[in-house]
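Dear colleague,

Please find the structure below, followed by an account of what was found in it.

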Amino acid sequence: MREKNLDRILDQAIDEIAQDRMAPAAEKTAVDQVWARLSQELVEDGPANQKILGHEDFEALIPAFVKGELSGAKAMLLQDHVGECVPCRRALKNARTGGGRKPVVAARAPRSAAAVWGWRVAAAAIVVVALIGLDIKTDLFTIQAEGLIQIERVQGKVFQVTDQGTEPIREGDELSFDQVQALRTGKDSNVMFRMSDDSFVEVDERTELTIYNKKKFWQRGRGDGLINLRRGSIIVEASPQGSGHLFVETADAEITVTGTVFAVNSGVKGSRVSVIEGSVEVDHGRKRDSLRPGEQTTTTRLLGHTTIEDEISWSRNKLRHLSLLAEATRVAREIELALDWPGLRYETTLLDLAPADTVVYIAIPNISEQIGEGYEMLQSKISENELLSNWWTDEMSGTEAETSIATFMEDLRAYGAAIGDEVVLALPQRNGEVSDPVIMAELRDPKGFSAMVQADMEEHGAKIMLIEGDTLVTQASSGYEMVLWVRGDILVAANDVERLAEIAVGLDAGRSAFHGSTFHSKLEQLYSDGAGWIIAADLSTLIPDDQQELETLGLAGLQHIIAERKVKGEQTENRLVVTFDQPREGLASWLAEPAPMGALDFVSGNASFAAAFLMRDPSLVVEELFAMAGSSAGSFGSGIEEFKAETGIDLQDDFLAALGGEFAIAFDGPIVPVPSWKLILEVYDSARLQATFEQMVDLINEQAAEAGIKGLEMREHGGRRNTFYEITSLDVGLSVHYTYVDGYMVAGSSIGLINRALANRRNGITLVNSGRFQRALPADAQVHFSAVVYQDLGSVLGPLARTLGAMTQNFSQDQQAILGQFAENVDPSVTVAYGELDRIVFVNTQQGGILSSTLGSFLRFNSLVGMQELLTHAAGELGG
Amino acid sequence: MQLAMQENAATETTASSLEDVFREHRQRVLHAAFRITGSNDDAQDVLQTVFLRLVRRGADAGLSDNPGSYLHRAAINAALDIVRSRQAAKATPLEPLEPVLASAPEKTPDRVQGSSEIRAVIREALGKMSPRAAEVFALRYFEGYGNNEIAKLLGTSRSTINVILHRTRNKLRDEIAPYADYDSNPKRFGDES
């Protein structure tokens with residue numbers, strides 16, 4: 001019976017392999033690329049008489065092969081031939097030993113394929129790089145909200161409420177809220193309108209709102225608009241607000257935005273705010289929530305959370321939002337790959353000029369040119385793409401925002417071209433507080449830069465003092481918002497001349513007193529290793545000495561924290577380094593030094609999530625944990641003694657001492673109907689640990705009997721190689737299965753899962769061997785790590801959503817198609833940690849970059865939301 | 001001048017001849033490679049390797065009377081080479097998971113998961129077998145050749161092919177046993193236990 005079953009499954013798997021087909025798109029790509037390569041080969045090698053036809057031809061190639069001068073194809077053929085031809089093998093060996101080492105081919109400079117930072121950070125850099133344009137250009141996005149709205153679409157009954165009563169609203173109407181008290185929608189009705197700042201609002205049925213006029217905006221600050229939502233639901237696509245904000249006010253919340261898409265639902269039980277794109281601040285009660293795409297908040301506990309897809313299900317534009325974002329994500333990825341991002345910087349003159357008391361140091365590469373190019377490419381892509389082109393025409397064409405963005409990009413490129421490779425912000429500490437930054441940059445074109453600043457000052461009347469020349473004129477800078485000093489090819493900007501005078505000392509001497517400090521040395525090291533983006537803080541100065549909490553946690557020795565982001569080949573690497581002024585202790589010492597992790601061998605390459613770490617010593621960690629929780633080490637010891645006296649179990653010897661230092665958890669297999677979880681522990685003494693478990697089960701059962709419940713059942717299944725254990729809660733019905741293998745305890749949701757883990761380990765089908773994991777690993781000198789977190793949600797959840805989508809009847813093909821893009825937009829990622837003697841290093845790599853990540857995060861979230869919906873449908877249908 | 005023209009003509013002839021062969025057989029090569037490696041990238045590598053070898057040896061070299069069979073075998077062997085080198089490098093691709101999950105919605109997720117692992121095990125196991133056994137197995141079960149055809153292609157007897165296939169199947173059955181037991185009954189124990 002078993003043999004027949006195996007035959008059936010083998011035949012089925014063989015049949016599936018026989019039917020495996022490449023996706024048409026992948027097939028086309030492969031064929032095109034290979035043919036291009038073959039064509040190149042034909043052209044390069046030309047005449048047919050250069051064919052390699054026999055042994056002599058191959059032998060003649062050997063000298064060139066040894067010198068590394070043979071083309072890839074010929075080298076491949078020669079290697080093939082050498083494998084089967086003894087004389088050639090001998091000739092090759094002789095050629096190699098006879099001299100002439102294969103020259104080392106200079107590594108091609110890595111071309112940045114991944115992008116750097118998120119749009120938002122890039123935008124911050126733009127502002128800095130475009131120099132102080134912060135103050136010069138504040139009028140760029142100023143809105144002209146007049147409390148007017150243009151009705152664009154009406155369905156059903158929509159009314160304006162005035163002193164005279166209610167009147168119906170029609171498409172094309174223009175309402176001024178000077179006269180109109182409120183806008184109200186009836187049952188099964190909705191309306192779309194555009195505000196004078198170009199923000200677009202979609203209003204659900206039975207909703208009432210009002211919009212304040214400009215005068216009332218001014219009470220909240222310059223250029224602010226305000227929608228007062230009395231009840232009901234709206235979706236707001238806020239346009240860029242320049243220096244101002246758009247507010248949405250409900251009875252119990254105030255939402256602040258600048259250019260984003262979000263939904264607000266307000267009713268008797270409270271308000272619920274959901275963000276679709278951009279970021280939103282929600283003030284309610286004494287609380288302020290900062291929401292990002294996919295996040296949601298409610299103002300009362302009575303009001304639960306829901307999926308964003310449900311929240312906007314009434315919107316006519318729901319699918320448009322999803323499709324548009326999917327397309328935009330794809331385009332953003334294409335642009336990312338096409339842009340040539342700046343390389344790493346190995347030296348800087350700015351570091352030595354930073355103020356002596358610098359405690360925060362931020363270095364941003366000048367990416368203004370790339371952003372400008374990206375914007376041009378975006379325009380080009382939009383014009384080529386029907387969906388995006390329609391969106392741009394509908395939403396942006398002819399608007400003030402379109403003009404403003406174009407002007408902004410022009411200024412950015414102009415200022416960016418005049419500035420050197422990086423802009424540095426140094427924040428000194430004065431009187432115990434971090435003060436305003438000093439901004440420094442090298443200038444490629446000092447005269448051009450000064451001229452641009454002068455022109456902008458005259459045009460916009462910005463309160464900026466511009467000083468040129470070697471001598472700092474120490475005139476009073478009060479009344480100015482910023483002082484710029486162009487000295488030679490160095491630009492320094494600060495709030496006042498006094499701050500610049502301090503920098504002048506360093507400029508005269510060639511370097512400031514900052515040089516030589518520990519913090520400076522750390523930063524210098526970063527540059528020598530190649531710097532990308534740097535954000536670093538001197539914690540030893542920033543944190544006061546008498547921090548008892550940090551003492552308790554063993555973190556008093558915190559010295560520096562340094563965040564870096566840089567492009568390495570095809571990957572973008574994020575690195576966070578926390579350093580200590582002495583060997584790690586307390587909480588920071590729990591993470592062991594990097595070492596091999598056998599526990600990960602029990603996780604297959606199909607895992608959607610896995611986390612593993614090495615702990616220094618479980619006994620010591622638990623002891624310190626108790627101490628941090630307020631107990632002393634002594635009371636920990638007495639607590640263990642009391643427990644032993646009551647139960648007969650010595651936690652220290654029978655449990656903690658039996659454990660090794662490796663721990664891993666993973667979701668490795670189907671997530672429905674029961675999540676396939678796995679827990680792997682390193683075990684030094686499995687017999688003792690098992691005895692402890694059995695004692696604990698007995699103990700729990702005794703207590704269960706006293707409480708009148710069934711308790712636990714432990715079963716043992718003997719096998720050929722391993723003994724499996726199953727602990728089942730007789731009251732709840734849940735089981736945990738586990739076994740001991742080669743010094744590890746492998747636990748999971750089912751015996752089948754554990755069985756497969758063992759087989760996968762034996763067959764080498766493990767996570768650490770998988771291509772996805774390997775490709776996502778950071779490239780550095782470390783062989784092992786102290787901790788690792790891996791996620792590949794896209795490969796499992798996306799297809800699963802599609803699979804379940806096909807099982808349900810209530811999900812449209814469009815929605816399934818959009819969800820299907822989930823897998824394509826989520827790259828697997830690995831974050832590793834290295835616990836070293838006096839520092840902990842966290843490294844994360846990304847295959848994708850920023851342009852797609854912001855939009856992608858929305859898409860990912862919506863896919864998750866969609867998947868939840870699918871699961872709900874599937875569960876309902878399957879259950880029904 | 002005349003020599004240059006002759007060289008150009010020779011190049012064009014080679015290109016034209018190669019293009020015909022490539023156009024006719026590229027899909028067969030690509031699909032055979034994909035079935036064995038289960039990876040888009042690896043299948044592309046195989047396609048490139050097979051045809052680059054052809055370019056360097058001349059488009060008509062070694063194709064004999066049956067270029068389809070020659071290229072088919074070349075694809076299978078190049079793909080098996082990749083599977084073997086992957087084992088040496090201890091790296092396995094996960095691409096098989098996605099298309100199967102996407103294309104078999106009638107399956108329950110747990111079955112799909114188990115099935116994808118069994119296919120991965122079969123591919124890995126072929127890489128560990130003798131090159132001849134792996135090639136015979138792939139020709140018979142993945143590419144649909146008859147035992148007589150395989151015997152003729154490899155210059156051996158039909159009975160030898162029968163024996164090779166029988167042994168290979170037995171080995172594969174042993175390899176998939178732990179997964180197969182889980183696939184049929186998650187509560188049962190497999191060979192591991």
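A:G510 follows α15(A) with a positive phi near 95°.

The model is predicted: local features need pLDDT of at least 70 and side-chain atom pairs count only at pLDDT 80 or more, whereas totals for chains, interfaces and linings use all residues. Residues are numbered from 1 along each chain as its sequence is written, chains are lettered from A and ligands numbered from 1 in the order in which they are written, and side-chain values use heavy atoms, with hydrogens and water left out.

Helix α16 of chain A (residues 518-529) has 12 residues and reaches 17 Å between its first and last C-alpha atoms, close to the expected 16 Å. Its buried residues are A:F519, A:H520, A:L523, A:L526 and A:Y527. They lie on the same side of α16(A) because they cover an arc of only 115° around the axis, taken from the directions from the helix axis to the C-beta atoms. Just after α16(A), A:G530 has a positive phi of about 100°.

Helices α11 (residues 368-384) and α13 (residues 400-418) of chain A have axes that come within 8 Å and cross at roughly 150°. These axes are lines fitted to C-alpha atoms over the stretch in contact, with angles from 0 to 180 degrees between N-to-C directions. Among the residues that meet are A:I371 and A:Y375 in α11(A), and A:M409 and A:L412 in α13(A).

A:Q582 is in the loop between β26 (571-580) and β27 (609-614) of chain A. With 31% relative accessibility, A:Q582 counts as partly exposed. Leaving out residues up to four places away in sequence, A:Q582 touches A:G557, A:L837 and A:D838.

For chain A as a whole, there are 28 helices and 36 strands, taken as DSSP runs (helices H or I, at least four residues; strands E, at least two) numbered from the N terminus. Of its 880 residues, 52% are buried.

Yours sincerely

Notes: The expected span of a helix is 1.5 Å times one less than its number of residues. Buried means under 20% relative accessible area, exposed over 50%, partly exposed in between (1.4 Å probe, protein chains only). Contact means heavy atoms within 4.5 Å.
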